Amino acid sequence: MRVLGVDPGSRTTGWGLVEREAGRYRLVAGGAIRTDTDALTGERLREIYEGLLEVIDRYKPECAAIEAIFSHKSSTSALKLGQARGVALLALAQRGLAVQEYNAMTVKSSVAGSGRADKEQMQRMVGLLLGAPVGGPHDVSDAVAIAITHHAHGWKNMPGAPK
């Protein structure tokens, strides 16, 4: 099963496609959609939306997983994240992908064994699980971690999954 993991952000939205073969995870592709920080909000959201549509159309994932909403210190940051997450969910839905949501603690526990793992620990563990480090910003390895989490247990909750 090819899972698209998405780590939404208004500046950088990370994505990673992961398959599982013979009990091992394999990174199909990964990257980051970087928006123009000088652009208006609507333009930045369009860049995220169109970027994800391109990824979906090119790599044909079977399902998707995305980081769930979490509380944030700044209401402005939370709003920007919510907007980026909304357009990501719209792109996934428009392409007919079933989407499972995972909070950060679940992803960290599934990948690193601790819900308190930091960014560096997560990036290291993702690299170990794949057999090679994931290049790019943390957003990419975070997206790959979300896809791995879905492979580990989330697919069981998806519509049409075998019981």
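Q: Which way does α3 pass α4, in a left-handed or a right-handed crossing?
A: In this predicted model, helix α3 passes α4 in a left-handed crossing.

Q: At what angle do the axes of α3 and α4 cross, and within what distance do they come?
A: The axes cross at roughly 50° and come within 9 Å. Helix α3 covers residues 104-112, and helix α4 covers residues 119-130.

Q: What is found at the start of α3?
A: A side-chain oxygen of Asn103 reaches to within 3.1 Å of the backbone nitrogen of Met105.

Q: And what follows α3?
A: Gly113 follows α3, and its phi is positive, near 85°.

Q: Turning to Ser141, where does it lie?
A: Ser141 is part of helix α5, which spans residues 138-152.

Q: Is Ser141 buried or exposed, and why?
A: Ser141 counts as buried, because its relative accessibility is 2% and the cut-off for buried is under 20%.

Q: What is Ser141 in contact with?
A: Neighbours within four places in sequence aside, Ser141 is in contact with Gln123, Val126 and Val134. Val126 is also one of the α4 residues that meet α3.

Q: Now the sheet: what is the order of its strands?
A: The sheet is open and has five strands in the order β3-β2-β1-β4-β5, with mixed pairing.

Q: Which are the edge strands?
A: The edge strands are β3, residues 24-34, and β5, residues 99-102; each of them pairs on one side only.

Q: How are neighbouring strands turned against each other?
A: On average they are turned by 20°, with direction ignored.

Q: How many bridges join β2 to β3, and do these strands run parallel or antiparallel?
A: Strand β2, residues 12-21, is joined to β3 by 10 bridges, and the two run antiparallel. As one example, Thr13 has Ile33 in β3 as its bridge partner.

Q: What lies between the strands in that hairpin?
A: Two residues lie between β2 and β3, and in this hairpin Ala22 takes a positive phi near 50°.

Q: What about β4 and β5: parallel or antiparallel?
A: They run parallel, and four bridges join β4, residues 63-67, to β5. Within β5, Gln100 stands opposite Ala65.

Q: Which strands does α2 touch?
A: Helix α2, residues 75-94, packs on the sheet and touches β1, β4 and β5. Its direction makes about 175° with that of β4.

Q: At what angle do α1 and α2 pack?
A: Helix α1, residues 41-59, packs with α2 at an angle of about 35°, and their axes are 9 Å apart. In this case α1 passes α2 in a right-handed crossing.

Q: What is Tyr49 in contact with?
A: Apart from neighbours within four places in sequence, Tyr49 is in contact with Val87, Leu90, Ala91 and Gln94.

Q: What separates the C-alpha atoms of Tyr49 and Phe70?
A: They are separated by 21 Å, and the two residues stand 21 residues apart along the chain.

Terms used: Residues numbered from 1 in each chain as written. Predicted model: local features only at pLDDT ≥ 70, side-chain atom pairs only at ≥ 80, totals over all residues. Heavy atoms only, no water. Pairing = 2+ DSSP bridges. Axes fitted to C-alpha atoms, helices over the stretch in contact; angles between N-to-C directions. Contact = heavy atoms within 4.5 Å. Buried < 20%, exposed > 50% of the residue type's maximum accessible area, 1.4 Å probe, protein only. Polar contact = N/O pair within 3.5 Å; in protein donor to acceptor, adjacent residues only side chain to side chain. Left-handed = near helix turned anticlockwise from the far one by under 90°.
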